[in-house]
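Me: I've got a protein model open and I'd like to work through it with you. Can we take it one question at a time?

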Amino acid sequence: MNRLAGNVAFAVLVLAFGTGTVVFGWWTVPVIGLIWGVIAPSRVQAGVAAAIAAALSWGLLLSWTATQGPIGTLARSVGGIFGVPTLAFFGITLVFAALLAGSAALVAGALTPRRISKSKW
């Protein structure tokens, strides 16, 4: 896959994670990660790309949510329940999305037989 196609695929992946989360909820993150792990040309890169795309997507969703309401108050409340600072709560949220997507893509990639190809992604 050439560089432009890879960038477009990554952008579509970010959009898929964001749209799936907004429309159907957080559980779509591992589902999209599984699908990506099956269709992506490289196993390891599929996991890394899925993890980064999911974290980026959820970061954009958190940023958008911050403009819509008092997300800081929510983060302080939930962070207080878990005993973590507000910024750590945001970081944990992004890591959660990355782990869901990346691990699902890696598992799907490991279970999917690959053709030997000379092209690199």
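Me: Which helices each supply at least two residues of the lining of the largest pocket?
Reply: Keep in mind that this is a predicted model. The pocket to look at is the largest one, with about 380 Å³ of space. At least two lining residues each come from helix H1 (3–24), H3, helix H4 (71–82) and helix H5 (86–111).

Me: How do the residues of that lining divide into nonpolar, polar and charged?
Reply: There are 15 lining residues, and the closest to the pocket's centre are Trp58, Leu62, Ile71, Phe89 and Thr93. Sorting the whole lining by type gives twelve nonpolar, three polar and no charged.

Me: Is alanine 75 buried or exposed?
Reply: Start with where alanine 75 sits, which is helix H4. Leaving aside neighbours within four places in sequence, alanine 75 touches Gly80, Thr86, Phe89 and Phe90. Its relative accessible area is 1%, and buried means under 20%, so alanine 75 is buried.

Me: How far apart in space are alanine 75 and alanine 88?
Reply: Along the sequence, these two alanines are 13 residues apart. In space, going C-alpha to C-alpha, the distance is 9.2 Å.

Me: What about tryptophan 36, is it buried or exposed?
Reply: You'll find tryptophan 36 in helix H2. Its relative accessibility is 9%, and the cut-off for buried is under 20%. That's why tryptophan 36 counts as buried.

Me: How far is tryptophan 36 from alanine 88 in space?
Reply: In sequence, tryptophan 36 and alanine 88 are 52 residues apart. From C-alpha to C-alpha, the spacing in the model is 28 Å.

Me: At what angle do H2 and H3 pack?
Reply: H2 covers residues 28–39 and H3 covers residues 43–68, with their axes 10 Å apart. On the H2 side, Val29, Trp36 and Gly37 meet Ala46, Ala49, Ala50, Ala54 and Trp58 in H3. Those contact residues split into seven nonpolar, one polar and no charged. The packing angle is about 150°.

Me: And what kind of crossing does H2 make as it passes H5?
Reply: The axes of H2 and H5 come within 7 Å and cross at roughly 35°. Among the residues that meet there are Val29, Gly33 and Leu34 in H2, with Ala97, Leu100 and Gly109 included on the H5 side. By type, the contact has ten nonpolar, three polar and no charged residues. The crossing of H2 past H5 is right-handed.

How values were computed:
Residues numbered from 1 in each chain as written. Predicted model: local features only at pLDDT ≥ 70, side-chain atom pairs only at ≥ 80, totals over all residues. Heavy atoms only, no water. Axes fitted to C-alpha atoms, helices over the stretch in contact; angles between N-to-C directions. Helix = DSSP H or I, 4+ residues; strand = E, 2+ residues; numbered from the N terminus. Contact = heavy atoms within 4.5 Å. Nonpolar A, V, L, I, M, F, W, Y, C, P; charged D, E, K, R; others polar. 1 Å grid on protein atoms, 1.4 Å probe; cavity = no way out; pocket = protein on both sides within 12 Å on 5 of 7 lines; lining within 4 Å. Points joined across faces, edges and corners; volume = space filled by probe spheres on them. Buried < 20%, exposed > 50% of the residue type's maximum accessible area, 1.4 Å probe, protein only. Left-handed = near helix turned anticlockwise from the far one by under 90°.
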